[in-house]
Amino acid sequence: MWSAAVDPAWSVDAFREAARAALRAGIAPEDLEWLAGGQRGLLALPDVLDAPVLHASPRVLRSFLDIAETVLCHRDPQRHALLYRLLWRIAHGEPHVLATPTDADTRRVMQLAQEVRRDAHKMKAFVRFREVPGERDNFIAWFEPSHHILHRVAPFFARRFAGMRWAILTPEGSALWDGEALSFGPGGAPDDAPAFDAGENLWRTYYAHIFNPARLNPRMMRQEMPQRYWKHLPEAHLLPSLIQGAAVRVREMAEREHAAPKRRIPAPTVVPPTDDTRRDESLASLRQAAQACRACPLWQPATQTVFGEGPEDARVLVLGEQPGDREDLSGRPFVGPAGKLLDRALAELGIDRSQLYLTNAVKHFRFERRGKQRLHRNPEASHVQACRSWLAGEIERVRPQMIVCLGGTAALAVFGAGFRLTAQRGTWQTLHDGTRAFATVHPAWILRQPADRQAGAYEAWLDDLRLLLATAG
Ligand code: URA
């Protein structure tokens, strides 16, 4: 019997070194005891790194190392042994075992990898930074991951929130970003993070605003936002009362519709945006599910859902109002006249459109027919409301560092009804989690200005958009 130490327990380099030595010495899986993260074995077994070299160094496939890197983050104490058993089998006549989904080891390894990925997704979605009192742009978050994912996910936050200083504390370790470099330190306690702040009140207001009681599905909600995260999510404190009040609010909504038949939105044949889609968590599956949305009547006359486009890790999310005629036909946002003006502004500012995530508060074109023409009509608040879960899903997945709202409808979707575009345009607001957002006018509004005012309106708009340069560098 031999022992193999992997410290830290999730280190793929430490695992690879030990596994290589064991394979070179021809040590079978059942003759190897794996010791993770400084653990000591019952018996004082010789270290595998001292085993004699009997065979040539095996070639370990990149695909195996990729999956091993993920699986090693799992808490399952058997994971090292499982990975070594698979490696052994690959080296001993079963080179395609990882491609055999019916194999029990392969199934287990895939399941562990999926659980780690899911945990990483939850961390990206549910970390809530809180500003350290008295220190600008210095944030701390407390988070309790299920697995050893801090090292894996911290670089994501370093990219996302590069412009501020932050620390993420977990019971096992902490990640620190000083604005330039990422470092890791010891764990902390929940009380080491500051209490709720004003930014979180803003987030709570936003969440209460977007909460749609008619869509309430407590089971799904618990699945997507597991209860153990609730105590550190500002919005979660609202959930019990929102859930309790949901039945009453749904009744009120139904009665309101009854009383005002002209504005009535037919009962939605909703394809829930969450069920199947959220399962695989990706933006692509959300986009696909949105194609079947029937949450408001706009889908019927429209050609298609126009979902957002751009890199899934974009630092800037640009939010428009709704697709226009050209967007409706092409299925892509901002390709018509307003999009052309946006392209021109971006080019003048030296911003590469392909680096932005562009989307709309409402995903279907609202119009009225005049002869052959389809004339744009402003969406109503109910349409924005019906589309909220799509936008929330996009923001949750992209987790942009900055959000730019173009026009009043976009500002309504992000800041709520209290926001005043004329008074507050071009000023940064900080959302609950450190995401910075500002609103400016919509390019279509500039195009509608009388000829003598257009140039001035365009210049003022450029000035607002320059905020992106000052912050993003
Ligand atoms: N206007 C918008 O707000 N979005 C588009 O995609 C096109 C025009």
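Select Q322 and R377: the side chain of Q322 reaches the backbone oxygen of R377 at 2.7 Å. This counts as a polar contact (a pair of N or O atoms within 3.5 Å; within protein, one must be able to donate a hydrogen and the other to accept it, and residues adjacent in sequence count only if both atoms are side-chain atoms).

You are viewing a predicted model, in which local features need pLDDT of at least 70, side-chain atom pairs count only at pLDDT 80 or more, and totals for chains, interfaces and linings use all residues. Residues are numbered from 1 along each chain as its sequence is written, and side-chain values use heavy atoms, with hydrogens and water left out.

Stay on Q322. It sits in the loop between β8 (316–320) and α12 (325–330). Helices (H or I, at least four residues) and strands (E, at least two) are DSSP runs, numbered from the N terminus. Q322 is buried, at 8% relative accessible area; buried means under 20% (1.4 Å probe, protein chains only).

Now select the ligand. One of its nitrogen atoms is 3.0 Å from a polar backbone atom of Q322. Next, pick N360: a polar side-chain atom there lies 2.6 Å from a ligand nitrogen. Then go to E321, where a backbone N or O atom is 2.7 Å from a ligand oxygen. Taken alone, the ligand exposes 230 Å², and the protein buries 93% of that (Shrake-Rupley method, 1.4 Å probe).

Finally, show the residues around the ligand (a heavy atom within 4 Å): G320, E321, Q322, P323, E327, P333, F334, N360 and H442.

Key:
Buried < 20%, exposed > 50% of the residue type's maximum accessible area, 1.4 Å probe, protein only.
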